[in-house]
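Here is a quick tour of one protein chain, written for someone with the model open on the next screen.

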Amino acid sequence: MSEHTLPQLPYAYNALEPAISAQIMEIHHSKHHQAYVTNLNAAEKAYAQAASASDVRKQIEIQSAIKFNGGGHLNHTLFWKNLAPSSQGGGQLKDGVLKQAIDRDFGSLDKLKEQFNKTTAAVQGSGWGWLGYSPTTQKLEVVTTKDQDPLITHAPLLGVDVWEHAYYLQYQNLRPKYLEAIWSVINFDEAEKRLSEAQKKAQL
């Protein structure tokens with residue numbers, strides 16, 4: 001079984017300032033995400049050992065660790081790609097299929113931001129806010145997940161981490177301020193790529 005590894009960031013830790021500080025990025029990536037990777041590898045190894053021993057009770061016990069740490073790894077791997085420095089197009093929504101879908105389903109980018117920020121700021125405790133593509137309705141929708149649960153009901157186009165470790169050192173308890181700021185470094189090109197892929201899958 002191959003082990004999961006911490007993905008390298010496509011930009012420097014300080015590249016998203018002032019929206020997200022270098023200190024937060026370094027801790028978030030090298031400490032928090034690394035912990036999910038380490039714990040996921042350990043949980044999968046333990047699960048494989050339990051399976052080979054036909055220890056069903058142990059397999060059930062380990063599943064929660066796989067879900068939590070696996071979700072943390074998946075979510076953060078997606079999150080880093082969701083972001084881009086302004087010098088590399090971060091925060092800039094170009095004309096294309098994503099903009100057309102946003103205008104169709106929300107009215108405008110500003111209205112999407114308003115709905116996304118309101119919904120995500122209201123997440124109780126820790127979790128994620130998502131812009132997802134529903135294969136059922138074939139529309140964009142704002143949804144949330146708790147803790148490190150990955151988004152499985154929709155194709156995730158962009159996700160924002162609202163665990164306190166993602167913003168507290170810079171924004172303290174002002175989660176809405178963090179949500180306002182992060183739009184300036186959202187990688188809309190990556191979100192559009194995911195939308196195109198999701199639309200193709202929905203047509204199969």
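Over residues 96-194, what share of the chain is helix and what share is strand, and how far apart are the end C-alpha atoms? That stretch is 42% helix and 23% strand, and its end C-alpha atoms sit 13 Å apart. Keep in mind that this is a predicted model. UniProt, in an unreviewed entry, annotates residues 96-194 as "domain: Manganese/iron superoxide dismutase C-terminal".

The other annotated piece comes earlier in the chain. The unreviewed UniProt entry labels residues 3-84 as "domain: Manganese/iron superoxide dismutase N-terminal". Here the span is 71% helix and 0% strand, with 27 Å between the end C-alpha atoms.

**The whole chain**

Zooming out, you get seven helices and three strands. Walk along the sequence and the order is α-α-α-α-β-β-β-α-α-α. How does the radius of gyration fit with a compact globule? For 204 residues a compact globule would come out near 17 Å, and the chain has 18 Å, so the two agree.

**How the helices pack**

A pair of packed helices is described by the angle between the axes and the distance between them.

| Helix pair | Angle | Axis distance | Crossing |
|---|---|---|---|
| α1 and α2 | about 150° | 8 Å | left-handed |
| α3 and α4 | roughly 65° | within 8 Å | left-handed |
| α4 and α6 | about 145° | 10 Å | right-handed |

Take α1 and α2 to begin with. Helix α1 covers residues 22-52, and α2 covers 56-82. They pack at about 150°, and their contact divides into 16 nonpolar, twelve polar and two charged residues.

Next up are α3 (residues 97-106) and α4, whose axes cross at roughly 65°. That makes α3 and α4 roughly perpendicular to each other, since angles from 65 to 115 degrees count that way. On the α3 side, the residues in this contact are Ile 102, Asp 103 and Phe 106, and they meet Leu 109, Lys 111, Leu 112 and Gln 115 of α4. Sorted by class, this contact has four nonpolar residues, one polar and two charged.

Helix α4 (residues 109-121) also packs against α6 (residues 175-182). Which residues of α4 and α6 meet? From α4 come Asn 117, Thr 120 and Ala 121, and from α6 come Arg 175, Pro 176, Leu 179 and Glu 180. The class breakdown for the contact of α4 with α6 is three nonpolar, two polar and two charged residues.

**Two backbone spots to look at**

Most residues other than glycine have a negative phi, and most peptide bonds are trans. Two places in this model depart from that.

Pro 18 belongs to the segment before α1.

The other is Ser 54. It isn't a glycine, yet its phi is positive, at about 55°. Where is Ser 54 found? Look in the loop between α1 and α2.

Terms used
Residues numbered from 1 in each chain as written. Predicted model: local features only at pLDDT ≥ 70, side-chain atom pairs only at ≥ 80, totals over all residues. Heavy atoms only, no water. Axes fitted to C-alpha atoms, helices over the stretch in contact; angles between N-to-C directions. Helix = DSSP H or I, 4+ residues; strand = E, 2+ residues; numbered from the N terminus. Left-handed = near helix turned anticlockwise from the far one by under 90°. Contact = heavy atoms within 4.5 Å. Nonpolar A, V, L, I, M, F, W, Y, C, P; charged D, E, K, R; others polar. UniProt positions renumbered as here; feature names shortened; annotations may be inferred. Parallel < 35°, antiparallel > 145°, perpendicular 65-115°, else oblique. Rg over C-alpha atoms; globule rule 2.2 N^0.38 Å.
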